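Work through these exercises on aromatic rings. Try each task before you read its solution.

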Amino acid sequence: MRKFAVKFLIYLYIISSKILSTAVTDEVNKRRLRIALTSFFCRIGLKPLGLKPSFSGAEELKNAGGCLVVCNHMSYLDIIVMASLRPFVFVSSVDMREKPFVGIIAELGGTFFVERRNASRLRDEIKDIASLMEKGFAVVLFPEGTSTDGSQVLPFRAPFIESARKAGVPVYPCCLKYESINGEPFSDLNRDLVCWYGDMEFEPHFESLFRMESVKASLRVMASADASHADRKELGDYLFSEVCSAYYAS
């Protein structure tokens, strides 16, 4: 029944998002509606997926306007947990858009895609992300550049953090942790049930989710940083330090 419920929600989400795409022609309003719809379906999907997130320090972020959020990254489940808090525009590589099924879901969800392999486009992409935040969007960046197995937080890549300085908006460091799976502490013995990384195929990993009764996750939102006068490298180092401190805390 859980699998049926999740697949039905995904089908309904795709149909609803496609209808929105044809009914709304303005790109800004289309993205705004897409991320609101994504947030709504993520909240509904928590129970059948067995996800039980808790949030700390999130009230300011929940009500913030244009801002940048930086967070560690382990799985597509991260997006469901975060989007259940509020609508976000997620930044992802064009590689993700090219993946079967996952790419369609990401595009319908209002994701902003960047070409990490093309340095010549970097300046324009930073400007476009800044423009989104100036229009009031909360943008989520996973500055590790990839998802991990949860054993560590990888160093942050700083370039896209520059978008917050250009937009003059606050930056919120966030730490996401999977605390337990089926009542057992998150560890190297069970982490692959939730973490999606490396060369893992999506479909088998997604099917494995239904072997889990419950996954407890926590998202800690730390105090915002002022990016308006910050050097992006120093800001990136500071954000990395904040996220690491929270992630490795017992």
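**Exercise 1.** Is Tyr247 buried or exposed in this predicted model?

*Solution.* Take the relative accessible area of Tyr247: 10%. Buried means under 20%. So Tyr247 is buried.

**Exercise 2.** How many aromatic pairs does a search of the whole structure find? Then classify the pair Phe4 and Phe8.

*Solution.* The search finds 14 aromatic pairs. For Phe4 and Phe8, start with the ring centres: they are 6.3 Å apart. Pairing needs centres within 6.5 Å. Next, compare the planes, which meet at 15 degrees. Planes under 30 degrees apart count as stacked. So Phe4 and Phe8 form a stacked pair.

Now place them. Both belong to helix 1 (residues 2-23), and because they are four residues apart, about one helical turn separates them. Phe4 is exposed, at 56% relative accessible area. Phe8 is partly exposed, at 45%.

**Exercise 3.** Classify the ring pair Tyr247 and Tyr248.

*Solution.* The ring centres of Tyr247 and Tyr248 lie 5.6 Å apart. Their planes are at 85 degrees. Over 60 degrees counts as edge-to-face. So this pair is edge-to-face.

**Exercise 4.** Which residue has its charged end over the ring of Phe137? Which lies over the face of Phe88?

*Solution.* Over Phe137 sits the charged end of Arg32, 4.4 Å from the ring centre. Over Phe88 lies Arg86, at 5.5 Å from the ring centre.

Key:
Residues numbered from 1 in each chain as written. Predicted model: local features only at pLDDT ≥ 70, side-chain atom pairs only at ≥ 80, totals over all residues. Heavy atoms only, no water. Phe/Tyr/Trp six-rings, centres within 6.5 Å; stacked < 30°, edge-to-face > 60°. Helix = DSSP H or I, 4+ residues; strand = E, 2+ residues; numbered from the N terminus. Buried < 20%, exposed > 50% of the residue type's maximum accessible area, 1.4 Å probe, protein only. Lys NZ or Arg CZ within 6 Å of the ring centre and 35° of its normal.
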